[in-house]
Amino acid sequence: MNHEKPLRTLLKKVLQAGPPDQTQISAFSSMMAGVVPEDLWSEEMKTTQRATVMLWGETQRAYEDALRQLRADKTTEYLSDKELKDRLWRLVCEIAIKEDEFTHDQKLQGKICEFQQDICKPLENCEVLIRVEHLDAGSEVINLGDCTVSKFSRDQLAAWGLNPAIPELAKRLEEFAGATLIAVPESGNNPGLILDRAREKAAQRLRILQATLSRHRLLQDENLLFAISEAAAIRRLNDPGSATWGWRSKRRSVGLKWDATLTTALSQMHNELRAMGNAPKIRGVIDRAMHWIGEAIYEELPDKKVLALCSALEALLTSISDGRKGEAIAYRIMLLNSVLNQGFLDPSRILWIYELRSKVTHGSSLDEATLSDYYTLRMAATDTLVSVLRLVAQKNVTKQSQLIAVLEESEFTTPCLDWLQARADKGSQSILKALEEALGARQLRTG
């Protein structure tokens with residue numbers, strides 16, 4: 001993946017930013033500050049012992065965009081999140097401190113190329129073996145796209161790379177010998193992530209197999225409950241000597257010990273629900289949202305978790321007439337928290353995660369969402385649920401249309417419009433357009 005464009009955008013903005021001006025930084029501006037690595041300190045920094053760089057507004061958003069693109073690239077997956085942030089932050093600091101050295105475009109271009117060459121590590125083609133539980137392939141080799149399902153003998157496994165002289169590989173050999181295995185090709189430069197992707201691919205292929213076999217009238221669901229095991233083996237393609245193994249525990253409940261703080265939280269929720277009184281329509285909205293939040297917790301795959309949370313937010317904040325539900329959810333969360341004098345998450349971030357729903361449903365990939373996306377959206381969904389309960393009690397709301405009217409007819413629509421207009425990113429502009437259309441349509445109905 002070529003990162004020249006986002007890096008160039010970021011570094012150009014760093015060079016153009018100049019010292020922070022309070023007139024440019026509003027209460028709604030996003031900003032960040034960090035310490036400059038000591039080996040980059042200027043003489044002035046050494047004298048004053050003050051060495052920080054600040055990014056704000058479009059520059060800070062460009063930093064986040066560049067970091068997000070770098071993180072999504074397989075060639076940087078060998079770096080932890082902290083390592084990746086540190087490397088990008090060092091580049092930003094170097095450009096900010098030595099700005100006189102990068103006034104010529106050619107010099108800046110050379111620095112960008114050097115950074116990409118340094119940070120992007122070549123990928124290795126690998127093969128992963130995972131045991132398939134509750135499926136006997138017999139003597140067949142089952143082709144599932146680029147994966148195959150079959151049985152392996154002890155000799156075949158040893159030739160593959162499960163060396164019986166190495167204790168941990170010998171354990172995998174004993175476990176895999178004579179069992180049905182799925183062989184999965186995968187590339188990368190982080191063995192742990194290669195294994196994770198291979199397991200996800202294997203699970204997807206098995207779901208396709210289950211869907212295909214479900215057409216057989218004599219097969220019951222109970223015949224098709226096969227799944228991948230916890231253990232896996234990995235090697236570089238055609239390199240038996242590189243074989244190693246990995247383990248990923250199946251999702252299990254760790255349990256919960258009840259305490260007084262949880263009793264208080266539950267009591268508070270009961271009080272908020274009772275405050276609705278006899279309002280079955282709005283209570284139905286709340287119940288549906290809580291159901292979908294619960295479904296998100298039970299789901300294991302981030303994609304499905306995000307789908308469930310999107311349904312929860314739709315239940316709370318959208319109606320059938322909403323054409324662009326993602327944008328509607330984003331600006332109504334802004335308005336909801338503004339009415340309640342609370343801070344809010346960046347609405348374009350909410351929209352970006354919501355739009356993963358369409359990618360999961362209609363896109364070419366089944367692995368769009370991450371756990372980070374899920375937890376961000378879960379926080380948004382649960383906070384929104386609590387905020388809706390508060391607003392329902394304060395405004396005596398009895399149905400969803402009334403809830404939406406309270407938000408879109410509030411005095412906070414203008415500040416929210418101004419906030420969105422001040423941001424140049426595509427998501428904010430899309431949300432702005434949806435809010436303007438909603439306010440225009442409401443004015444027509446009431447005018």
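Here, buried means under 20% relative accessible area, exposed means over 50%, and partly exposed covers what lies in between. With that cut-off, Lys201 counts as buried, since its relative accessibility is 15%. Everything below refers to a predicted model.

**Figure 1. The whole chain, before zooming in.** The protein chain folds into 18 helices and eight strands. Along the principal axes, its C-alpha atoms fill a box of roughly 80 × 70 × 45 Å. Out of 447 residues, 43% count as buried. If you look at contacts with a separation of 6 or more, 70% of them come from residues 24 or more positions apart.

**Figure 2. Asp146 and Lys201, a salt bridge between a loop and a helix.** The two side chains meet at 3.1 Å, N to O. Asp146 sits in the loop between β4 (142-144) and β5 (147-151), while Lys201 belongs to helix α8 (residues 191-213), so this pair ties together parts that are 55 residues apart in sequence. On accessibility, Asp146 is partly exposed at 40%, whereas Lys201 is buried at 15%. The pair also belongs to a network of salt bridges that links Lys74, Glu77, Asp146, Glu186, Arg197, Lys201 and Arg205.

**Figure 3. Glu133 and Arg131, another charged pair.** The side chains of Glu133 and Arg131 form a salt bridge at 3.8 Å, N to O. Glu133 counts as buried, with 17% relative accessibility. Arg131 has a relative accessible area of 22%, so it falls in the partly exposed class.

**Figure 4. Helices α10 and α15, packed side by side.** Helix α10 (residues 280-298) packs against helix α15 (residues 371-395) at an angle of about 160°, and their axes are 11 Å apart. The two helices are therefore roughly antiparallel to each other, and their crossing is left-handed. From α10 come Ile282, Ile286, Ala289, Met290, Ile293, Ala296 and Ile297, and they meet Tyr374, Ala381, Thr382, Leu385, Val388, Leu389 and Val392 in α15. By class, the residues of this contact are 13 nonpolar, one polar and no charged.

Figure 5. On the α1 side, the contact residues are Pro6, Leu7, Thr9, Leu10, Lys13, Val14 and Ala17, and they meet Glu58, Thr59, Ala62, Tyr63, Ala66, Gln69 and Leu70 in α3. The contact of α1 with α3 has nine nonpolar, three polar and two charged residues.

Methods
Residues numbered from 1 in each chain as written. Heavy atoms only, no water. Axes fitted to C-alpha atoms, helices over the stretch in contact; angles between N-to-C directions. Helix = DSSP H or I, 4+ residues; strand = E, 2+ residues; numbered from the N terminus. Parallel < 35°, antiparallel > 145°, perpendicular 65-115°, else oblique. Left-handed = near helix turned anticlockwise from the far one by under 90°. Contact = heavy atoms within 4.5 Å. Nonpolar A, V, L, I, M, F, W, Y, C, P; charged D, E, K, R; others polar. Salt bridge = Lys/Arg side-chain N within 4 Å of Asp/Glu carboxyl O. Buried < 20%, exposed > 50% of the residue type's maximum accessible area, 1.4 Å probe, protein only.
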